[in-house]
Amino acid sequence: MVREVSFRAVLVALALPSIACYLLLVRSTPHLAEEDDPWWAGWAQVQRSRREALRLACLQFHGARVKSFSKLLLFRKYLYNLLVDDRHRAIYCYVPKVACTNWKRLMMILSGRTNETNPLNISSHIPHEEGVLTRLSSARYKTSVLSYKLRTYTKFLFVRHPMERLVSAYRNKLASNSSSATDFRRRFGSTMLKVRRGVGAFHNVSKAGRGVTFAEFVYYLIERSYTGGQQSLNEHWAPYFDLCHPCTIRYDNIGKYETLEEDAEFILRKIGARPDLHFPPFVNSKTASLVPGYLATLTEDMSKKLYELYKPDFALFQYEP
């Protein structure tokens, strides 16, 4: 009897490594069967196409704006917009004005930073507070660990037409009556008016920064990018190129605002999110229809310079000017 029990114990001990390897394999490829599904295969093909277009477009851009991988590891401030979820081995580069509030809510749930199960039950200001989510720029990872995560975790970002995002940022942060807009007008509005109208006119302008037109906003962006570089622009209107470093970091999934719900659903399933966790219902923005009217207020010279500022974003993510 004792010999039989010992024999069984030996068998279990020998089997444990195999079981562990099997579980790791299943966990690392949770959707292998789903890729045979036409629904899944179609989305996977779209992602391959977007990644290839990104790769080819990156060949056009080089120099100071393209940070090397080693530079990103050394100067972690460049990784500020990258949020990490170690539970699902996922990294999300958030871009303001591209559904980032709801994605941050989802990241809170995925990474266990909240007990809420419905993302809409999380107040909209909470996901944006410092320390709520783990940023790669502030996480105390050793360089080797940071490099490992950037190379092996599932990485994704979401983008939209650059001009649509810019108009959305202007309307939301400078032209609306929200508390957020009041803060942004105070921080940036007065400076924008000063840059465009001159110091003399600035003395007659309220410090609250009210009355910035879209043309004055664009003029400020152009001047600021020339004097301080694109990295000096606030994240709400900085190019994707400078926020997420898509020519250095190899993103596995590129989501688009135009196919937001579909892309979000696939990504959640891809990283192994629980089955009942979905992206909140999406109400399509009317901003796209307003873009031509705002762009019509710019001079031809300003339009050309604005396009040059966001040229990489147009090329990398297949958007027409």
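I count a residue as buried when its relative accessible area is under 20%. The model I am reading is predicted.

**Entry 1: Gly209**

I began with Gly209. I found Gly209 in the loop between helix 8 (199-202) and helix 9 (214-228). Is Gly209 buried or exposed? Its relative accessible area is 0%, so Gly209 is buried. I then asked which residues Gly209 touches, not counting residues up to four places away in sequence. The contacts are Arg185, Gly189, Ser190 and Leu193. I also looked up Phe184. In sequence, Phe184 and Gly209 are 25 residues apart. In space, I get 8.5 Å between them, C-alpha to C-alpha.

**Entry 2: Ala296**

I turned to another loop residue. Ala296 sits between helix 12 (287-295) and helix 13 (300-316). I checked its accessibility against the cut-off for exposed, which is over 50%. Ala296 has a relative accessible area of 62%, so I list Ala296 as exposed. How far from Ala296 is Ala215 in space, C-alpha to C-alpha? I get 9.4 Å, with the two residues 81 apart in sequence.

I looked at strand 4, residues 253-256. Both of its faces are covered. On one side I find Asn253 and Gly255. Which way does strand 3 (residues 154-159) run relative to strand 4, parallel or antiparallel? The two strands run parallel, and four bridges join them. Opposite Gly255 of strand 4 I find Phe158.

**Entry 3: cavities**

I searched the whole structure for cavities of 30 Å³ or more and got two.

The largest cavity holds about 50 Å³ of space. I listed its lining as Leu83, Lys104, Pro127, His128, Glu129, Glu130, Gly131, Leu133 and Arg135. By class, I have four charged, three nonpolar and two polar residues in this lining.

I put the second largest cavity at about 30 Å³. Which residues line the second largest cavity? I noted Arg65, Val66 and Lys67, together with Phe241, His245, Cys247 and Thr248. This lining divides into three nonpolar, two polar and two charged residues.

**Recap**

Terms used: Residues are numbered from 1 along each chain as its sequence is written. This is a predicted model: local features need pLDDT of at least 70, side-chain atom pairs count only at pLDDT 80 or more; totals for chains, interfaces and linings use all residues. Side-chain values use heavy atoms; hydrogens and water are left out. On a 1 Å grid over the protein atoms alone, a cavity is a set of points where a 1.4 Å probe fits but cannot get out, and a pocket is an open set with protein on both sides within 12 Å along at least five of seven lines; lining residues have an atom within 4 Å of a point. Grid points are joined across faces, edges and corners, and a volume is the space filled by probe spheres set on the points. Ala, Val, Leu, Ile, Met, Phe, Trp, Tyr, Cys and Pro count as nonpolar, Asp, Glu, Lys and Arg as charged, and the others, Gly among them, as polar. Buried means under 20% relative accessible area, exposed over 50%, partly exposed in between (1.4 Å probe, protein chains only). Two strands pair if DSSP finds at least two bridges between them. Contact means heavy atoms within 4.5 Å.
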